[in-house]
Amino acid sequence: MKKLLLQSLTAMTFSMGLFFPPLSAQNTYGGVKTTVPEAEVKRQSQFLMAERERLLNHNDKALELYKKFTYDNPNIDAGWYGLARTHTSLKDFPNALEAIGKAVTLSPDNRWYSIYQADLLEKVGRLQEAVMVYEGLVKRFPDTPEFYEQLAFLSLQNEDPKRALKALDKWEDLVGVNEEIAFKKHIVYVGLGDVKKAAAALKKLSDAYPNDLKYRQDLAEFYDKIGDKVNALASFEEVLRRDPDNALARMAIAGAQGNTDADKLSALRPLFDDPKVPIDEKVKAILPYFQKMGAGTDAVLTQNLLDLAVLLEKNHPDEAKTWSLSGDLFYQANRPAEALQRYRRCLNLNPTVFAVWDNTLTLLATQKYYDEMLSTAERAMDAFPNQPKAYFYYGVAANIKGRPDDAIAQLEQGMLMTASNSGLRLDIIDQIGLALMGKKDFAGAVSRYEQSIAKGGDQHQGILEHLGDALSLQGQAAQAIEYWKKANSIRRSPGLEQKISSGKL
């Protein structure tokens, strides 16, 4: 530690343009004995003591020593720099900025002082001033790429993209075209809404490195994203010319064939039947068709997508995302039994995606597989202890299976997690009320339901209907009918209309 401290002190000494001799009046330089004035020895000793305390993180001591040093030696820039760093360590940024400002004034050609000043200005949010410091640095040191890089960064932070682009251009002039600069310029142009220049930045990079096909792929995908299908296809074809097995390009070109969605999906079949084409590229190719499939108006489109799903299963059977995607497709196609089989397979391969648990439990509920729903919900709670919906599903299944105490315990636990989800909170209250009725605690159910009315329960059909049920079971038929009517006004049902007409459950 002492050796490192001595090295640090020595480095600081030379940065001051000083040399500290032993604390005596004489030393030897280049074989010549030289007398050092006692005042100089004292001055250097003062500085060393202050710097030592700072390096040892004794900042309060260092502050007092630096204050005295700068008071006695106001024209020594290194003293003000040391004082600025000490103030910074003590989180006193206004005084740190004042001190570093004096150091910069005394030694304007010392780049490190200016860099430190800009860092402090950035830290306190004075971005425009930090930008101006770097404007000065690039003028004084025009061949330093790092200064243009930081100028661009600060300009973007200061919401000045045009200044940032100028800095990026200067940086590129110094070091040539490279990925970092090209992507920064691309992002700035995208932010400005200038998609042509955004594409040009990527094209310049891909032209500069023609053998790095990733850049050409990025360009092609950007063209595709902005709807420039002609340039996108040309770029993908260039990739394929250089790499005939490139999966991304093959998928893109195949997907562009034909005039109809069905034609395009048919063209994708050979690629989906090729296990060497990565599954991620296949998933990416299918996703744009989900919304169209959800409309349910194109039977040919639906069948083509299901055919592709089966090919995924054939060629990527050990990938969880295969079965998740396939399950989603069969679910969208209104084939719940086949979707459920696929979700089960997905969970066996990878139980870490809650959306798959959610879909599985929904299908188990709609198909009335309540035993499996109960056990699956329990597994979901173990896998996702902070997901209230898992507790809700458990409560639903436990209520149906006649286990109200189990239902209440888990539903109350789930309720604690619903502060930001009022809809689910009301669903859970509805199930808690049903569980209380299952225990013949009709008064408890009424109380629980009534507490929720002013908190959104008056718009929840289940709560309104079941509050009516609980009141009816207490012999309060007139009140029960009123709540059944309110429930029926939200969504009509034959069951509710029967209760209203008969005046009883």
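Author: A residue counts as buried under 20% relative accessible area, as exposed over 50%, and as partly exposed in between, with a 1.4 Å probe and protein chains only. The model is predicted: local features need pLDDT of at least 70, side-chain atom pairs count only at pLDDT 80 or more, and totals for chains, interfaces and linings use all residues. Residues are numbered from 1 along each chain as its sequence is written, and side-chain values use heavy atoms, with hydrogens and water left out.

Start with helix 15, residues 261-272. Helices are DSSP runs of H or I with at least four residues, numbered from the N terminus. The expected span of a helix is 1.5 Å times one less than its number of residues. For the 12 residues of helix 15 that gives 16 Å, in agreement with the 16 Å between its end C-alpha atoms. Leu 265, Ala 267, Leu 268, Leu 271 and Phe 272 are its buried residues. Viewed down the axis of helix 15, these fall within an arc of 160°, so they line one face; the arc is taken from the directions from the helix axis to the C-beta atoms. Their cover includes helix 14 (247-255), helix 16 (279-286) and helix 18 (299-315), contact meaning heavy atoms within 4.5 Å.

Arg 269 is partly exposed at 31% relative accessibility, and Asp 307 is partly exposed at 24%.

The structure holds 35 salt bridges. In one of them, Arg 216 meets Asp 207 at 3.0 Å, N to O. Here Arg 216 is buried at 14%, while Asp 207 is partly exposed at 41%.

Now the rings. Rings of Phe, Tyr and Trp (its six-membered ring) pair if their centres lie within 6.5 Å; planes under 30 degrees apart are stacked, over 60 edge-to-face, and the rest tilted. There are 9 aromatic pairs in the structure. Tyr 81 and Tyr 116 are an edge-to-face pair, 5.6 Å centre to centre with 75° between the planes. This pair links helix 4 (residues 77-89), which holds Tyr 81, to helix 6 (residues 111-123), which holds Tyr 116, across 35 residues. Tyr 134 and Phe 147 are also edge-to-face, at 6.0 Å and 70°. Tyr 134 lies in helix 7 (residues 127-140) and Phe 147 in helix 8 (residues 145-157), so the pair ties together parts 13 residues apart in sequence. Both Tyr 134 and Phe 147 are buried.

Rings and charges also meet. A charge sits over a ring if NZ of Lys or CZ of Arg is within 6 Å of the ring centre and within 35 degrees of the ring normal. The charged end of Arg 111 is placed this way over Phe 141, 4.1 Å from the ring centre, and that of Arg 342 over Phe 330, at 3.9 Å.

Notes. Helix = DSSP H or I, 4+ residues; strand = E, 2+ residues; numbered from the N terminus. Salt bridge = Lys/Arg side-chain N within 4 Å of Asp/Glu carboxyl O.
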